[in-house]
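Thanks for coming. Please have a look at it first.

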Amino acid sequence: PRPELRMRAARQHEYVPADALRLSGVLTKAAVTAVAARCLGVYRLVPGKRVHSRPVWRHAERGHLWMGYSAAAKKWFVQTEAALGDVAGVAFLDQF
């Protein structure tokens with residue numbers, strides 16, 4: 001007999017978010033380099049804080065920068081706390 005395999009989509013509450021994330025990369029466009037460079041660095045998970053049922057991280061050195069998910073844009077953004085979850089921010093992440 002063949003083994004029976006089943007698959008289902010994981011629910012958001014089943015994920016265990018990373019305690020810390022490092023945002024890094026090579027910045028090539030001079031016009032955005034200064035702004036984007038401020039976004040680079042380590043972000044620490046903020047326990048208990050969620051936006052659109054997703055975890056939120058805060059920049060370890062620049063506390064005014066946060067990483068949060070925008071459900072409308074279906075993208076992760078580096079943004080201020082006031083903008084968390086909105087389709088706005090300092091930068092958005094294409095691959096996360």
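Strand 1 and strand 2, the latter at residues 41-51, pair in the antiparallel sense over four bridges. By pairing I mean that DSSP finds at least two bridges between two strands. Strands are DSSP runs of E, at least two residues long, and helices are runs of H or I, at least four residues long, both numbered from the N terminus. Within this pair, Arg22 stands opposite Val42 in strand 2.

Before going on, the ground rules. The model is predicted, so local features need pLDDT of at least 70 and side-chain atom pairs count only at pLDDT 80 or more, while totals for chains, interfaces and linings use all residues. Residues are numbered from 1 along each chain as its sequence is written, and side-chain values use heavy atoms, with hydrogens and water left out.

Now the overall layout. The six strands form an open sheet in the order 1-2-3-4-5-6, with antiparallel pairing. Strand 1 and strand 6 (91-93) are at the edges with a single partner strand each, so one side of each has no neighbour in the sheet. On average, neighbouring strands of this sheet are turned by 35° against each other, direction ignored; the axes here are lines fitted to C-alpha atoms, for helices over the stretch in contact, and angles run from 0 to 180 degrees between N-to-C directions.

Moving across the sheet, strand 2 and strand 3 (residues 54-59) run antiparallel and are joined by five bridges. Tyr43 stands opposite His59 in strand 3. The hairpin of these two strands has two residues between them, and His52 there takes a positive phi near 55°.

Strand 3 and strand 4 are also antiparallel, joined by two bridges. Their hairpin runs through six residues. The bridge partner of Trp57 in strand 4 is Met67.

How much of strand 4 is buried? Five of its five residues are, where buried means under 20% relative accessible area, exposed over 50%, and partly exposed in between, with a 1.4 Å probe and protein chains only. Trp66, Gly68 and Ser70 point one way from the strand, and Met67 and Tyr69 point the other way. For the protein as a whole, buried residues make up 27% of the 96 residues.

Strand 4 is joined to strand 5 by five bridges, again antiparallel, and Tyr69 stands opposite Trp76 in strand 5. Four residues lie between the strands in this hairpin, where Lys74 takes a positive phi near 55°.

That brings me to the side chains. Which residues form the aromatic cluster? Trp57, Tyr69 and Trp76 do. The whole structure has two aromatic pairs; rings of Phe, Tyr and Trp (its six-membered ring) pair if their centres lie within 6.5 Å, with planes under 30 degrees apart counted as stacked, over 60 as edge-to-face and the rest as tilted. Arg54 lies over the face of Tyr69, at 3.9 Å from the ring centre. The criterion for that is NZ of Lys or CZ of Arg within 6 Å of the ring centre and within 35 degrees of the ring normal.

In soluble globular proteins, nonpolar side chains tend to be buried together. Here the largest nonpolar core has 11 residues, among them Leu21, Tyr43, Trp57, Met67, Tyr69 and Trp76. Such a core is a set of buried Ala, Val, Leu, Ile, Met, Phe, Trp, Tyr and Cys residues joined through side-chain atoms within 4.5 Å. Strand 1 (20-23), strand 4 (66-70) and strand 5 (75-79) each give two or more residues to this core. Cys39 is another member, and its contacts beyond four places in sequence are Leu23, His59, Leu65, Val78, Val90 and Ala91, a contact being heavy atoms within 4.5 Å.

Last, the loop between strand 5 and strand 6, where Gly85 lies. Gly85 is buried, with a relative accessible area of 9%. Beyond four places in sequence, Gly85 touches Val51, His52, Tyr69, Ser70, Ala71 and Gln79.
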